[in-house]
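We will go stop by stop.

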Amino acid sequence: MTDSEVQAPPFMLDVEFTEGCNLRCDFCGIQAIREGIGDYKFMTLATAESLSDSILSAGWTSRLEISGHGEPSMNPHKVDLVRELRRGKKNQILLTSNGGGLLRDTTQVISALFSAGLNILLLDDYEHVTIIDKLLGNYTGSVPIHYYPRDGLEFNPYRRKPPGTKMIVVLPDLAQTATGVHSTANNRAGQGAPPVYLDGKRCVKPFRDMVIRWDGSVNSCCNDYRGVVKVGNVNATPAHALWNGPVFKSLRRHLYNGDRSFSPCRGCDFVGMRPGLLPDKLGKLTLPVPTMEDKEVINKAISGDSFTKIVWRKWEGGKE
């Protein structure tokens, strides 16, 4: 790998406290890995420690976004996991939740999360359930509540905030808003909605985001719900070594050149913001076209079983 292909640290680390959800939304890719609600798999403190060690040793300041392929608040050890991610670091920590695991002892649990080091609690207010209404009705804590985008762009939860920030941000239902960063959804690589073919279009994901699943496994991106592209595991290899390893290198060469010929990128409609500014932040560097060796690396990474079981969506021939 040349110096120009040593990728800058990811903007965001997507940390999966829980695989599995208490809801079953039509647009969500979780229906491609679950036949019903529940069936949870939880990140352990040992895996969080391995990830935390990786971040510290690499000196990454990436935003730590606790979301993944499920509802993170269902993890019974969520407070301890947040505390471990905070250990010795100034990274912004954001937890995205539908509130399912915060309904019991709401104020106590939310206060404990912020005391453990959480900066932003992002609540998705889905119209077809009343979880957030109940949660906010129960909450009597001191951390302020804001509504984005209604209360202003400064409450965009994905923008970097000053160290020590503590706030709760409520996002409206995706189906009910036409503005803000939460106003559109992609097809989750053809697992949340039917495939859309964008041959020739770049994707920013492997340049800016890295996903760490509940058991430490790393795949291509958050849209790869099934974990088809198997990169490695942070319990065995430091996150920064995986980030600049052969699979991510080959992914970047393919997607920089608009090559989406492999699963799950084939049929994914995600592009991302500022795809022209790749592979570096200023768009001054270039990447070569993928070689046969790169193609072999990808083929090896997608061969064999995915990280999860597969539930076929109706447009894939399954039943719903």
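**Stop one: a proline in a loop.** Select Pro-264. It sits in the loop between helix H7 (246-256) and helix H8 (292-302). Helices are DSSP runs of H or I with at least four residues, strands are E runs of at least two, and both are numbered from the N terminus. A cis peptide bond joins Ser-263 and Pro-264, with omega at about 5 degrees.

A word on what you are viewing. This is a predicted model, where local features need pLDDT of at least 70, side-chain atom pairs count only at pLDDT 80 or more, and totals for chains, interfaces and linings use all residues. Residues are numbered from 1 along each chain as its sequence is written, and side-chain values use heavy atoms, leaving out hydrogens and water.

Select Leu-278 with it: a cis peptide bond joins Leu-278 and Pro-279, and omega is about 5 degrees. Why stop for these bonds? Most peptide bonds are trans.

**Stop two: helix H7.** Select 246-256. Buried means under 20% relative accessible area, exposed means over 50%, and partly exposed lies in between (1.4 Å probe, protein chains only). Among the buried ones are Phe-248, Leu-251, Arg-252 and Tyr-256.

What covers them? The cover includes H5, strand E9 (209-212), strand E10 (217-219), strand E11 (230-233), helix H6 (239-243) and H8. Step just past the end of H7 to Gly-258, which takes a positive phi of about 70 degrees.

**Stop three: positive phi without glycine.** Most residues other than glycine have a negative phi. Here are two with a positive value. Select Asp-105, where phi is near 55 degrees. Asp-105 is in the loop between strand E5 (93-97) and helix H3 (106-116). Its relative accessible area is 48%, so it counts as partly exposed. Next, select Arg-188. Its phi is positive too, at about 55 degrees. Arg-188 lies in the loop between strand E8 (167-172) and helix H5 (205-208).

**Stop four: Gln-31.** Look in the loop between strand E2 (18-19) and strand E3 (41-42) to find Gln-31. Is Gln-31 buried or exposed? Its relative accessibility is 5%, so it counts as buried. Show its side chain and that of Arg-24. A polar contact of 3.1 Å joins the two. A polar contact is a pair of N or O atoms within 3.5 Å; within protein, one must be able to donate a hydrogen and the other to accept it, and residues adjacent in sequence count only if both atoms are side-chain atoms.

**Stop five: Lys-41.** Move to strand E3, where Lys-41 lies. At 30% relative accessibility, it counts as partly exposed. Which residues does Lys-41 touch, leaving aside those up to four places away in sequence? They are Phe-17, Thr-18, Glu-19, Arg-34 and Trp-214. Touching here is contact: heavy atoms within 4.5 Å.

**Last stop: the whole chain.** Zoom out. The chain has 8 helices and 11 strands. Of its 320 residues, 54% count as buried. The C-alpha atoms fill a box of roughly 60 × 45 × 35 Å, taken along the principal axes.
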